[in-house]
Every structure is written in structure tokens, then in C-alpha cells.
Amino acid sequence: MSDASNSSAEMEPVQASLDAAEASADEGTSFLSKMNPLHTLAFVKRRTIDHYHNFSLAELSGSLGDLGTFIPLTVALARERKIALAPALFWAGASNVVTGYAWDVPMCVQPMKSIAAVALTDIAAGTDSSATAETGLDALSVTTAGILTGGAVLLLGVTNLMEIVNMIVPLTVVCGLQVGVGLRLASKGIRDVQKLNWGGGYDCIGLAIGCALLSMFWLRDYESGEKKKETRDRDDGESSSPNGSEVNCNSNHAMAGTVASSENGSDDNLELGTLGNSHQLETATMLQPRSSASTTAHANESNAFSALSAPSLQSEQPPSHHQSATSSSPSCFARILRRACCCLDPFPKTPHPVGIYLFLIGCLFAAITLATAGPDSGYDLPLQLFGAPVVINALEGVTALNWRQGFLQGTLPQLPLTTLNSVISVCCLAHTLYPEKRNPALVQKHRTDAVVTRREVSISVGLMNLILCPLGSMPNCHGAGGLAGQHRFGARHGTSVTILGMAKVFLAVFFGASALTLLDALPVAVLGVMLVIAGLELVGTGVGMLFECVQKEKEKTTEHVAASAGNTNAINMKAILRKNALVSMVTAAVIVALQKTHYGAIAGWVTHMVYGDGTRQFLGWLRKRRRKSSAGIQ
């Protein structure tokens with residue numbers, strides 16, 4: 001009896017991955033049914049209404065969460081004439097808009113990092129000719145690399161081969177991928193800041209330290225402030241008229257939504273402690289009908305200035321009728337003061353929009369830099385409106401050598417990174433961050449992509465590059481780092497990426513000729529801090545997923561021991577943690593040391609097979625297949 005239970009337990013991870021392939025076929029049928037033009041128009045209308053209701057400062061702040069990665073790579077590629085900036089911005093923005101409408105999660109669109117690294121550093125990957133290695137990738141080879149990579153990822157998604165890749169790669173390796181990639185992003189931001197001077201200009205290490213300290217203040221835990229927030233809401237509700245009772249009603253609904261999501265598995269939403277409880281309350285409120293959510297948001301905004309008032313004076317003397325009317329309808333000066341001082345509130349009722357704060361700081365110093373730039377500053381001034389095409393023929397003059405270089409130097413090193421980080425890891429991350437958005441049918445099948453499926457992301461990346469790269473787009477993909485960064489800065493819906501996409505399209509159309517100047521003027525110190533924050537958020541999510549893996553393995557081990565009438569108190573929790581952590585940390589260490597994501601995945605997989613449970617699970621799968629074959633013959 002115990003052998004049968006152990007065999008079935010060994011097969012659970014493998015069988016869940018095999019069932020995912022069957023579910024993906026059903027997804028394809030439902031996807032084709034949505035291609036009806038009338039259904040598409042109705043879907044776009046509904047998503048537009050959702051974007052209108054979901055728009056907030058938090059979404060606007062979250063839309064800036066991945067600029068620390070996007071801007072440096074895009075500007076560097078444009079400087080070296082590897083891409084045309086105006087078409088690259090335009091199509092990246094269009095991809096953002098489509099992504100924001102397709103999924104209700106902040107799924108970012110980022111340049112393919114391996115292709116960008118090869119194009120910028122002339123690293124020859126997979127070539128035998130030293131002459132070819134010296135030339136690196138030109139603009140045509142970058143385009144062909146994006147087309148070939150997109151075609152390969154599309155093939156993996158359409159044929160469900162991506163599920164086989166997911167079956168081979170264990171979840172502990174995915175955790176290590178997130179930790180390793182997050183550390184790489186954070187270390188890149190630190191290295192960029194290290195190259196600056198301590199002073200002598202606006203863009204310096206001192207500015208980076210100041211932004212880092214302010215970000216710590218804005219992102220710190222607000223548990224003590226949350227209690228004050230609830231007290232203020234209760235007092236406001238008791239002292240106000242029907243609006244106050246409505247706010248209390250909505251607050252009760254929000255708490256009920258939080259409890260319900262917790263009962264449905266929101267324990268998997270292992271966010272960093274710096275997010276506190278305020279985001280959970282906000283997410284629960286978003287789940288309510290739009291009218292209630294908008295009413296609650298309006299009520300919270302009208303009372304936001306109460307944190308800046310003098311509580312001692314209010315407690316000593318009850319407000320008169322005139323003072324009550326004034327407080328309910330603050331003057332124009334009070335509203336301006338409230339907006340100007342909101343970043344100094346130590347206990348805000350809603351989280352600080354850190355992305356907006358940092359971006360405004362960057363824009364301020366960029367404006368000062370351009371205003372004081374001389375004729376020999378290197379900036380293309382004055383700024384020009386229009387003047388740059390947003391659609392070009394990027395394959396004009398392409399040769400067989402460009403296709404060869406694009407495949408050997410671009411596609412081969414990029415494909416493992418896209419498969420692991422842009423598809424498998426990003427789906428697991430969305431599954432962890434947004435438990436309230438999981439598809440119940442996929443949850444019942446124990447899938448780790450119940451929010452955004454691997455098939456959908458594979459098709460998205462494939463079509464994005466196959467169709468848009470010939471029109472001037474740079475090779476783009478989705479990434480776990482960008483999703484973690486946008487989530488960390490406050491994004492919870494697809495509204496954030498839609499806002500970012502519209503901003504990119506606007507910049508490309510109206511300032512395409514001067515877009516490089518505008519982006520290049522943003523301080524590296526601010527962008528470096530944003531990149532560090534995004535990287536550390538991804539690290540924290542990976543660590544949280546690791547503890548989730550350990551907890552689930554402990555529960556399964558407890559069930560197996562109890563079924564065999566063993567002593568459940570004899571389970572060694574430290575041994576389980578050590579085994580899973582070693583696989584993840586080997587993966588992360590190789591990624592950080594060698595700067596190659598696929599090398600880390602291979603090292604983690606080998607560690608899982610030799611040191612972890614990989615070999616035992618594989619042998620159990622073989623035994624089950626053998627029993628099924630013998631049963632079929634009989």
C-alpha cells in the first residue's frame with residue numbers, strides 16, 4: 001500500500017505537466033472562438049471600460065517599473081545604429097497596448113537581452129570564423145535574430161512543446177532563475193551607478209544615494225500606518241452622512257474579498273513585506289463591482305489630506321459646522337498642498353507611487369541638463385517634432401550572411417532565455433502574484449500558469465517578433481523582471497502597460513526625431529535605482545516561491561507518512577529546505593557568475609536530478625508507464 005502511494009506521489013509533478021498539454025489544446029479552441037470580429041469588438045469595449053475604472057496613481061506608477069531595463073538597452077542599441085529608435089518605440093508601445101488589453105496583469109514588453117548584449121558587445125556565439133566574430137551583429141542581423149527567435153517560440157507554443165520544456169524544468173529551478181535574474185538586474189543597476197562620479201554634475205552617485213534612501217522610505221512596511229488608516233476610515237464613516245456609510249460598506253466588502261481570496265489560495269501570494277497589507281486591501285476592493293470600487297477610491301482620495309492635518313487641535317476642540325463643511329470641501333490651496341506633500345506622508349492611506357516620484361525626479365534633472373546644454377554637449381538640440389518614420393522596411397538589403405549571423409549569434413543564445421524567463425518563469429510569477437485572477441479550471445489541474453498560460457505567452461512573443469521586426473521593431477519579449485518591477489511600483493492590472501504603450505507611441509510619433517536625446521538625458525543614477533528595485537522584487541518573489549515549494553513538499557511528505565502509519569513528527573523540515581534551496585541557489589549562482597541564464601538552468605536541472613528528487617520522480621514515471629503498458633496488453 002505504501003509503495004503504491006509513494007509511486008503516485010512521485011508521479012504528481014510529472015502528471016500535472018502532462019495534463020497541461022491536453023488543457024492547452026482546449027485553450028486553442030477557445031482562442032479561435034474569440035477571433036470572431038463581434039466578440040473582439042465586445043472584448044475591446046469591455047477592457048476599455050476596465051482600464052477606465054482601474055486607472056489610478058498606483059497603475060501610473062507601476063507603468064514606469066521596467067524603465068530601468070528598457071531605456072538603457074534601447075538607447076544603447078539606437079546609439080550604435082543597431083535599431084531605428086522611432087519604429088522601435090512605436091512598435092514596443094503598440095505591443096504594450098495589445099498586451100494590456102489581452103491580459104489583466106502588468107505584462108511588460110522588453111528588449112531581448114541576449115540579442116542586445118551580442119549586438120552591443122560583439123560577442124560571437126556559435127561562430128567559427130574570427131572575422132565573423134569581429135563584425136558582431138548589425139541592424140539587419142538583429143532583425144533576423146528577432147524573426148528567427150519569434151518563429152521558434154511560436155512553434156513551441158502552437159505545438160505544445162513548451163509544456164514538455166516546463167515538465168523537464170522543476171519549480172525549484174524556476175525559483176533559482178528568478179533569484180539569479182533578479183540579482184543580475186540589481187547588480188547591473190549598481191554597476192551603472194558605480195561608473196558615475198560622486199559629484200561635479202547632476203547625474204552622480206550622490207543623486208543615486210538620495211533616490212535610494214527616498215525609495216526605502218516610500219517602500220517601507222506600513223503595518224503601523226494601516227492601523228491608523230482603519231481608525232481614520234471608521235471615524236470618518238461614523239461622523240459622515242450616507243457617503244460615510246457607503247465607504248464602510250465598501251470597506252466591509254473589501255475585507256470580505258480579502259478573506260475569500262485567502263480561502264481560495266491567496267496564501268500563494270507571497271509578496272515582500274514592504275508591500276504590507278494595503279495592497280491586499282486594494283486588490284480585494286478591485287474585485288468588487290466597479291461602482292463600489294470607484295466610490296471607495298473617491299472617498300479615500302477626498303480624505304487623503306487628513307494625514308497632514310493637526311490631530312491634536314482636532315481632538316481638543318470639536319469642529320464647528322463651518323469647519324466641517326470646509327474639511328469636506330477643501331480649498332484649492334489645500335488640494336495643491338495635499339498633492340505637493342503626499343510624498344512626505346509617513347503613513348499614507350494608499351501606497352506611495354514610487355515610480356512616478358522617481359520618474360519626475362529624473363525628468364526634472366533631464367530638463368535642467370537639456371536647458372543648460374551647450375553646443376558641444378553632444379545632445380541633438382533643439383528638439384524636433386515629427387520628422388522620423390515609425391514604419392520602415394527593416395529587411396531591405398538583407399543577405400544570407402545576416403540570417404546566418406542572426407541565427408548563430410542571436411537566436412541560439414536567446415532562445416533558452418526566452419523559453420525559461422519570458423515564458424515559464426513569467427507565468428509562474430503571475431500565478432504567484434495574482435491568486436485572485438487564477439482560472440479555476442486550471443487550478444484544479446494543479447497548473448502553475450492559471451493566470452496567464454504558457455501557450456498564450458509563447459504565441460504572443462512569437463507573433464510580436466515575426467510580424468513587427470520586419471517593420472522596424474527591435475526583438476522584444478515578456479520578462480519576469482519587468483513584471484516584478486511593475487508590480488513592485490504599484491501595478492495590478494493591464495492598465496499600467498496600456499498607459500506605458502500609449503506614452504511610447506506618443507513619443508515615437510511626435511518626438512521620434514529627438515527621442516534619443518530625450519531618453520539619453522534621463523539620469524543614469526535614477527534609472528539605476530529603479531533597476532535595483534525591480535531586481536530585488538524579483539529576488540524576493542523567487543525566495544517566496546522557494547518557501548512555497550518547501551511547504552508543499554512538507555505537506556505531501558506528511559500525507560505519505562500518515563498513510564503508511566508512520567511518525568509525522570519525524571519529518572526533517574531542515575533537510576527539505578536544504579535540498580530545495582541548494583537546487584535554486586546553484587541555478588542563481590551560475591546565472592550571476594557566468595551571466596548566462598540557460599547555463600544556470602542546466603546546472604540547476606543537473607543538481608535536481610543528482611541531488612534532488614529528479615531521478616526518483618523519473619523512475620516513478622517509468623514504472624507507471626510500464627504498468628499502463630502491461631495493463632493495456634492484458
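Predicted model: local features only at pLDDT ≥ 70, side-chain atom pairs only at ≥ 80, totals over all residues.

Trainee: Got it. So what share of the contacts with a separation of 6 or more comes from residues 24 or more positions apart?

Mentor: In the protein chain, such residues account for 85% of those contacts.

Trainee: And how many helices and strands are there?

Mentor: The chain has 29 helices and two strands. It runs to 634 residues, and 48% of them are buried.

Trainee: Let's talk core. Which residues touch the most other members of the largest nonpolar core?

Mentor: Those are I71, L89, L358, V457 and M530, in a core of 98 residues. Helix α26, residues 524-563, gives this core its largest share, with eleven residues.

Trainee: What does M530 touch, leaving out residues up to four places away in sequence?

Mentor: M530 touches L64, L67, L358 and F489.

Trainee: Switching to helix packing. At what angle do α20 and α22 pack?

Mentor: About 140°, with the axes 9 Å apart. Here α20 covers residues 400-433 and α22 covers residues 454-468.

Trainee: What do we call that arrangement, and why?

Mentor: Angles over 145 degrees would count as roughly antiparallel. At about 140°, the two helices are therefore oblique to each other. The crossing of α20 past α22 is right-handed.

Trainee: Which residues make the contact?

Mentor: From α20 you have T418, S422, V423, I424, V426 and C427, and from α22 you have R454, V457, S458 and V461. Sorted by class, that contact holds six nonpolar, three polar and one charged residues. You have met V457 already, on the list of residues that touch the most other core members.

Trainee: How do α2 and α5 pack?

Mentor: Helix α2 (residues 37-54) meets helix α5 (residues 85-102) at about 95°, with their axes 9 Å apart. That angle makes α2 roughly perpendicular to α5. The contact uses F43, V44, R47, T48 and H51 of α2, together with G100, Y101 and A102 of α5. By class, four of the contact residues are nonpolar, three are polar and one is charged.

Trainee: New topic: T149. Where is T149 found, and is T149 buried or exposed?

Mentor: T149 sits in helix α8, residues 139-158. T149 is buried, with a relative accessible area of 0%. Setting aside neighbours within four places in sequence, T149 contacts M112, I115, T411, Q414 and T418. T418 also belongs to the α20 side of the contact with α22.

Trainee: Is T517 buried or exposed?

Mentor: T517 has 7% relative accessibility; under 20% counts as buried, so T517 is buried. Its place is in helix α25, residues 515-520. T517 and A366 are 151 residues apart in sequence, but their C-alpha atoms are 9.9 Å apart in space. Not counting residues up to four places away in sequence, T517 touches L370, Y379, D380, L381 and L383.

Trainee: And V105, where is that one?

Mentor: V105 is in the loop between α5 and β1, and at 1% relative accessibility V105 counts as buried. V105 and L433 are 328 residues apart in sequence and 9.6 Å apart in space, C-alpha to C-alpha. Beyond residues up to four places away in sequence, V105 touches Y434, K437, V451, V452, H493, G494 and V497.

Trainee: What about H446, what is its phi, and is H446 buried or exposed?

Mentor: H446 has a positive phi of about 60° and is not a glycine. H446 is found in the loop between α21 and α22. With 65% relative accessibility, H446 counts as exposed, whereas N160 is buried.

Definitions and conventions: Residues numbered from 1 in each chain as written. Heavy atoms only, no water. Axes fitted to C-alpha atoms, helices over the stretch in contact; angles between N-to-C directions. Helix = DSSP H or I, 4+ residues; strand = E, 2+ residues; numbered from the N terminus. Parallel < 35°, antiparallel > 145°, perpendicular 65-115°, else oblique. Left-handed = near helix turned anticlockwise from the far one by under 90°. Contact = heavy atoms within 4.5 Å. Nonpolar A, V, L, I, M, F, W, Y, C, P; charged D, E, K, R; others polar. Core = buried A, V, L, I, M, F, W, Y, C linked by side-chain atoms within 4.5 Å. Buried < 20%, exposed > 50% of the residue type's maximum accessible area, 1.4 Å probe, protein only.
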